[in-house]
Amino acid sequence: PHPDCDRFVDVKEDCDRVDCYRGGDHTNLGTCKATCHDCPNPRQTPAEDPRCDTLTDTRLGCRLDWCYRSERYATYDCPGTCNHCREPIKYGDVHPDCDFFSDVRTDCERIRCLTASEKYREGECKGTCSNCPVPY
């Protein structure tokens, strides 16, 4: 077995070693990673990375079986998902001054706050980006 088997998991139920020999990277490094690396418990729930408090996905729709595809996907777009964090997206605490914050746009999205410009975060969508329950 691979020394990192405690971090590898199959994300589909019907992985077969035969698929590993004829499959490409998406099978070997993605959907059937544990089976293809001879891990004894391929459907385990892997241990959460100790850095999870500081890791957050910066986009929606992250998939564990795509983490192998690129360094950017695994370390910038989806590090929460790729490191098996229980809470892959962290928005932070509700700001204590929410009564004074509002959004000046109607299309603010919390996920965009993680990577948006200061103008978006502190101006246009300050209520949403400050995790206020009802930005007004």
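Tyr91 lies in the loop that runs between helix H5 (79–82) and helix H6 (110–113), where helices are DSSP runs of H or I with at least four residues, numbered from the N terminus. The model is a predicted one, in which local features need pLDDT of at least 70, side-chain atom pairs count only at pLDDT 80 or more, and totals for chains, interfaces and linings use all residues. Residues are numbered from 1 along each chain as its sequence is written, and side-chain values use heavy atoms, with hydrogens and water left out.

Two residues other than glycine have a positive phi: for Asp38, in the loop between helix H3 (33–36) and helix H4 (71–77), the angle is near 60°, while for Asn131, in the segment after helix H8 (126–129), the angle is about 60°. Most residues other than glycine have a negative phi.

The table gives relative accessible areas, with buried meaning under 20%, exposed over 50% and partly exposed in between (1.4 Å probe, protein chains only).

| Residue | Relative accessibility | Class |
|---|---|---|
| Tyr91 | 30% | partly exposed |
| Ser102 | 30% | partly exposed |
| Asp38 | 42% | partly exposed |
| Asn131 | 5% | buried |
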